[in-house]
Each structure stands twice: as C-alpha cells, then as structure tokens.
Amino acid sequence: MDILLWLVGLFASAFLSATVLPGNSEAALLAALHFKPSLGLLAVTVASLGNILGGLLTVWMGRKLPPAPQKPWLQKLQKLGPISLLMSWLPIVGDAVCGLAGWLRWPWWSVTLYLSIGKIARYLAIYVLFN
C-alpha cells in the first residue's frame with residue numbers, strides 16, 4: 001500500500017506539472033527515488049506517463065481554441081512543427097509549446113511521439129544523474 005501511495009502521488013504531481021497548473025514533478029521523483037529506491041525505473045515510468053498525459057491534455061485544450069490565424073510568427077512556428085515538442089519538458093515553455101501544438105492542429109501521432117520522447121528523456125536523465 002505504501003508503494004502504491006508513492007506512485008499515485010508521483011503520477012499526480014507529474015500530471016499536474018504538465019498542465020498550466022504549478023507543480024514540481026522532478027522533486028517528487030527525486031523524493032521517491034531517495035525514500036523508496038526500490039521503485040527505480042517504475043517511478044520513472046509512472047512520472048513519464050503522468051507527464052505525457054498531462055501534456056496531451058494541454059494539447060487537447062489548445063485544440064478547443066478557434067483555429068490559429070495566419071500570422072507570420074505562427075507560420076515560422078508551424079515550420080518547426082511537432083519536433084519542437086522535444087522541448088515540452090521545459091518549465092513554462094513546455095506548457096506553451098503543448099498548447100500551441102493543439103492550437104496549430106498538429107497531427108496527434110507526431111505530437112504524442114515527440115512530446116513523449118521529451119518527457120521520458122527528462123525523467124531518465126534525472127534517474128541517471130541522481131541514482
């Protein structure tokens with residue numbers, strides 16, 4: 001039961017951190033790895049899944065906005081495309097990129113792929129650096 005509570009808390013922290021709500025999933029992951037080292041890669045997986053789903057929620061919310069106008073600065077961003085979601089792990093910037101991905105109606109499959117790579121890489125780096 002104790003481990004389940006750690007994992008649920010970690011998932012919730014990671015999910016909320018990927019939305020426009022404030023959170024600190026890195027600290028939650030570090031705490032889990034410190035106090036429950038047996039969680040290891042399971043904690044990384046749970047944090048990644050929560051953060052990916054939170055990011056996809058932000059993309060979905062962006063899709064609920066009216067379609068983006070044809071502005072020069074948006075066209076430049078459009079050229080970057082879904083690969084820019086590799087930066088989705090960055091504080092503040094990552095939430096904005098996820099919202100823009102939805103607003104610009106980027107394809108779900110590529111959004112999910114690049115967003116996932118960015119989020120997983122961040123948590124794996126924390127695991128490797130602090131484990």
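Helix α3 (residues 40-63) packs against helix α5 (residues 93-103) in this predicted model at an angle of about 45 degrees, and their axes lie 6 Å apart; axes are lines fitted to C-alpha atoms, for helices over the stretch in contact, with angles running from 0 to 180 degrees between N-to-C directions. The two helices are therefore oblique to each other, a class left over once angles under 35 degrees (roughly parallel), over 145 (roughly antiparallel) and 65 to 115 (roughly perpendicular) are set aside. The contact (heavy atoms within 4.5 Å) is made by Gly 55, Thr 58, Val 59, Gly 62 and Arg 63 of α3, together with Asp 95, Cys 98, Gly 99, Ala 101, Gly 102 and Trp 103 of α5.

Ser 17 belongs to helix α1 (residues 2-17) and, at 17% relative accessibility, counts as buried (under 20% relative accessible area, with a 1.4 Å probe and protein chains only). A polar atom of the Ser 17 side chain lies 3.2 Å from the backbone nitrogen of Asn 24, and the side chain of Ser 17 likewise reaches the backbone nitrogen of Ser 25 at 3.2 Å.

Because the model is predicted, local features need pLDDT of at least 70 and side-chain atom pairs count only at pLDDT 80 or more, whereas totals for chains, interfaces and linings use all residues. Residues are numbered from 1 along each chain as its sequence is written, and side-chain values use heavy atoms, with hydrogens and water left out.

Definitions and conventions:
Helix = DSSP H or I, 4+ residues; strand = E, 2+ residues; numbered from the N terminus. Buried < 20%, exposed > 50% of the residue type's maximum accessible area, 1.4 Å probe, protein only. Polar contact = N/O pair within 3.5 Å; in protein donor to acceptor, adjacent residues only side chain to side chain.
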